[in-house]
Amino acid sequence: MPYKILWLPTPPSEGCASMDRYWRELEREFTAKAFGEFEVRCPFGRAPARSAQAPRLLRIWNKYFRLPRLVGRVGDAQIAHVLDHSSAHFLRRIPAMVKKIVTVHDLAPLEDPDGLTPKQIARFRNTVSNIRLADLLLADSAYTARAIGTFLGEERDVHVLPLGVHAEHFASDGSLAPGRMLPQCPRILSVGSNLRRKNLRILPEVLSEVSKVLGPVALIRVGARLDEATLGRLHEAIGSEHVVELGNCADDELVALLHHVDALFFPSTLEGFGLPLLEAMAAGCPVVSSNASSLPEVGGDDVLYFRPDQPAEAAAQIVSLLQKPRLREELITRGKQRAAEFSWASHAQKLAAHYRKLAHGGGES
């Protein structure tokens, strides 16, 4: 008889691209023959290729009223796995005899509540506090595992289960979108949101210092548009013609971009895991990253680091990377090797081992 697993991902109405991706990757792996011993179902249907955020009232209705009722219909499931900590309130609807798992990706709204109201912070805390009902806690990184104790007071074992990357996909060179023109000078890629914890405010100072040594340098941005103050300072520092904002790109174009830039610059102060580092390394794009939170766990010794509050250090690392071909080639080679150590297949295999242990009556120890 197969082990019967209930997956409870982030509701698609939340429009959370990163969590949609996690759900898709697990779905892809667990439909493979290697995991035929598991019968996995989800009351929300299949993982969306791309979801869109619904209006606020509809999101509230789905997350706190309609979907929790579906969650309670577990049938004969042996294990319920909440794939994202922000849906930990679903645990209250799971019968006591069903084993429960929660994956905690990060606690950023508690560590750096940028742009959130006190009510939103309290609601997030109340929701994630339900992880106390879980039989097993998983975290993407040791950093996040420690944060659970620090910010939620949960003094219990947390098993670290790193995320993965499709190294072969990112290693394959692709074409930029038709008509896409990039400046003909060293290109530095920046990806992600413009939340305070992403630390993008240091971009102008860093790239100004780089340009003083190397001459013209370009910033290629993927993700949310930079705020007007930072954008204005960037234009003054390196020239408006050297700042390219692409907005949100399709996955295939991101792969192509990683093959058409000289480095990924990742100055974030807070990450639950830092998947962009792995994706860049898999694509053969060397990385200059802050040494904050979980990022050294991901990059290991194959990334150039700097302290996030030291723009001069960041600039020096970028200059070193671009001026030393041998260093660049070493980082590319080692980065590919490191990225190959993180696969979704390995993630799924380790997760399956946790499922087996719980199904046989095991717990956290």
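**Helix α5**

I started with helix α5, residues 142-152. In this predicted model, helix α5 lies across β4 (99-104), β5 (136-139) and β6, and runs at about 130 degrees to β5. My helices (H or I, at least four residues) and strands (E, at least two) are DSSP runs, numbered from the N terminus. For contacts I took heavy atoms within 4.5 Å. Angles run from 0 to 180 degrees between N-to-C directions, with axes as lines fitted to C-alpha atoms, for helices over the stretch in contact.

Ground rules I noted: residues are numbered from 1 along each chain as its sequence is written, and side-chain values use heavy atoms, with hydrogens and water left out. Local features need pLDDT of at least 70, side-chain atom pairs count only at pLDDT 80 or more, and totals for chains, interfaces and linings use all residues.

I traced six strands in an open, parallel sheet, in the order β2-β1-β3-β4-β5-β6. Strands count as paired if DSSP finds at least two bridges between them. β2 (38-41) and β6 (159-160) are at the edges with a single partner strand each, so one side of each has no neighbour in the sheet. Strand β1 (residues 3-8) runs parallel to β2, joined by four bridges; Leu6 has Arg41 of β2 as its bridge partner. I also looked up helix α14 (residues 344-359), which lies across β1, β2, β3 (79-82), β4, β5 and β6 at about 140 degrees to β3.

**The other sheet**

Next I followed an open sheet of six strands with parallel pairing, ordered β9-β8-β7-β10-β11-β12. Its edge strands, β9 (243-245) and β12 (304-306), each pair on one side only. Neighbouring strands here are turned by 20 degrees against each other on average, direction ignored. β7 pairs with β8 (residues 218-223) in the parallel sense over six bridges, and Val191 stands opposite Val222 in β8. Helix α12 (residues 311-323) packs on this sheet, touching β7, β10 (263-266), β11 (287-290) and β12, and makes about 165 degrees with β12. Helix α8 (residues 228-238) lies across β8 and β9, at about 145 degrees to β9.

**Salt bridges**

I found 17 salt bridges in the structure, each a side-chain nitrogen of Lys or Arg within 4 Å of a carboxyl oxygen of Asp or Glu. In one of them, Arg180 meets Glu253 at 2.8 Å, N to O.
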